[in-house]
Amino acid sequence: MPARWRLTRGSVLNRKFREKSRIAVLTLWVGISPLAGATSVNVPQRIPDVYARPATLVTVAHGRQLNLRCTGSGPQTVMLEAGSHADSTTWFKLLPILSPVTKVCAYDRAGYGFSSEGQLPRDLDADVSDLHDLIHAAGIKTPLVLVGHSLGSNIVRLYAERYATDVDGMVLIDPPEQDMAAFAPEWAKSDDESSAQRFALIRHCEASAEKGELVSPAALKACGVGSNPLASAKLNAVILANKSKPAFWRTLLSELQNNAVVFSKPVSPKETHGSMPLIVLTAANTYTGAPANVRKALEAAREKTQVQIVASSTRGERLLVDNTSHDVQLDQPEVVAKAITKVLQQAAAADK
């Protein structure tokens with residue numbers, strides 16, 4: 001497997017390039033108190049085996065089904081949107097924290113987890129269309145609060161632009177750097193070259209899956225897929241079985257090809273979310289371990305990206321989360337929950 005292969009935008013950066021960001025104008029949250037109105041919650045440290053089977057399969061366009069998992073209750077609903085190639089398991093810590101105070105839902109995007117494969121290309125338009133179909137087919141009350149991690153932040157931002165009346169607020173977890181070529185053109189060129197190798201490997205893995213050859217742990221490992229250390233043997237068997245299917249690899253290839261387009265561009269100056277409550281959570285350690293020159297460029301690109309996103313709402317704010325990788329929802333789920341609760345309160349107040 002090429003050393004620089006990244007399944008998720010920022011996933012290898014997340015694991016290898018971790019450093020405390022030098023961001024001056026942010027509020028630091030540490031040692032937060034329990035959420036108002038919630039009893040003490042035991043946050044699971046491993047993914048529960050309930051994720052080894054579908055929750056609710058909701059029929060959307062073209063007779064496809066998307067796997068939806070909801071818990072909790074209340075007048076407002078929170079919808080969680082995972083990052084690239086991730087599914088609803090990424091939210092296993094956050095759901096039990098939020099469920100005592102609100103209804104919260106997570107789902108598997110088309111082609112991932114237990115959801116049917118979607119029509120290609122798997123771009124932002126397709127993801128937004130599916131999310132809109134899912135929300136309304138499942139009868140989820142709107143307006144709701146959308147939460148997006150990494151690529152998920154791009155999906156929910158576009159959703160909020162197209163279906164503004166559906167959305168009361170947003171929490172965006174470490175939106176990735178965009179327009180990297182403006183900050184480090186040589187690095188961006190090198191990344192494009194490694195993407196070509198990555199796409200070739202994915203096509204090879206798709207072909208192997210089509211032939212039924214992608215079933216052994218060794219074959220999956222050669223494609224960059226291994227067991228999840230947070231999952232049991234039972235759950236890992238299900239996860240690996242899903243990733244041995246051609247649909248997973250077709251979806252992954254299409255999504256990553258589109259990511260290259262999405263993240264090569266800066267945030268549009270036309271993007272606007274009016275006065276919608278919006279919080280951007282910035283992970284402190286996303287780029288630890290990167291070479292100094294690359295790290296500075298990555299930080300600068302992310303800084304500009306996230307500042308522009310915050311400026312898209314008159315009620316936008318940005319908060320640094322210390323001691324966390326790019327996967328803030330796994331490292332500091334209580335902080336994410338507190339940000340969501342704040343947006344829920346702001347949205348409720350605005351609706352009165």
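Biologist: What volume does the second largest cavity have?
Modeller: About 30 Å³. Before we go on: this is a predicted model, where local features need pLDDT of at least 70, side-chain atom pairs count only at pLDDT 80 or more, and totals for chains, interfaces and linings use all residues. Residues are numbered from 1 along each chain as its sequence is written, and side-chain values use heavy atoms, leaving out hydrogens and water.

Biologist: What makes Met170 buried?
Modeller: Buried means under 20% relative accessible area, with a 1.4 Å probe and protein chains only. Met170 has 0% relative accessibility, so it counts as buried.

Biologist: Where is Met170 found?
Modeller: In strand E7, residues 167-173; strands here are DSSP runs of E with at least two residues, numbered from the N terminus. Met170 and Val145 are 25 residues apart in sequence, yet 5.5 Å apart in space, C-alpha to C-alpha.

Biologist: Which residues is Met170 in contact with, leaving aside neighbours within four places in sequence?
Modeller: Among them are Leu146, Val156, His273, Ile279 and Val343. Contact means heavy atoms within 4.5 Å.

Biologist: And Val343, is that buried or exposed?
Modeller: Val343 is buried in H11, as are Ile340 and Leu344.

Biologist: How do you know that the reach of helix H11 is close to the one expected?
Modeller: The expected span is 1.5 Å times one less than the number of residues. H11 (residues 333-351) has 19 residues, and its reach of 27 Å from first C-alpha to last is close to the expected 27 Å.

Definitions and conventions. 1 Å grid on protein atoms, 1.4 Å probe; cavity = no way out; pocket = protein on both sides within 12 Å on 5 of 7 lines; lining within 4 Å. Points joined across faces, edges and corners; volume = space filled by probe spheres on them. Helix = DSSP H or I, 4+ residues; strand = E, 2+ residues; numbered from the N terminus. Buried < 20%, exposed > 50% of the residue type's maximum accessible area, 1.4 Å probe, protein only.
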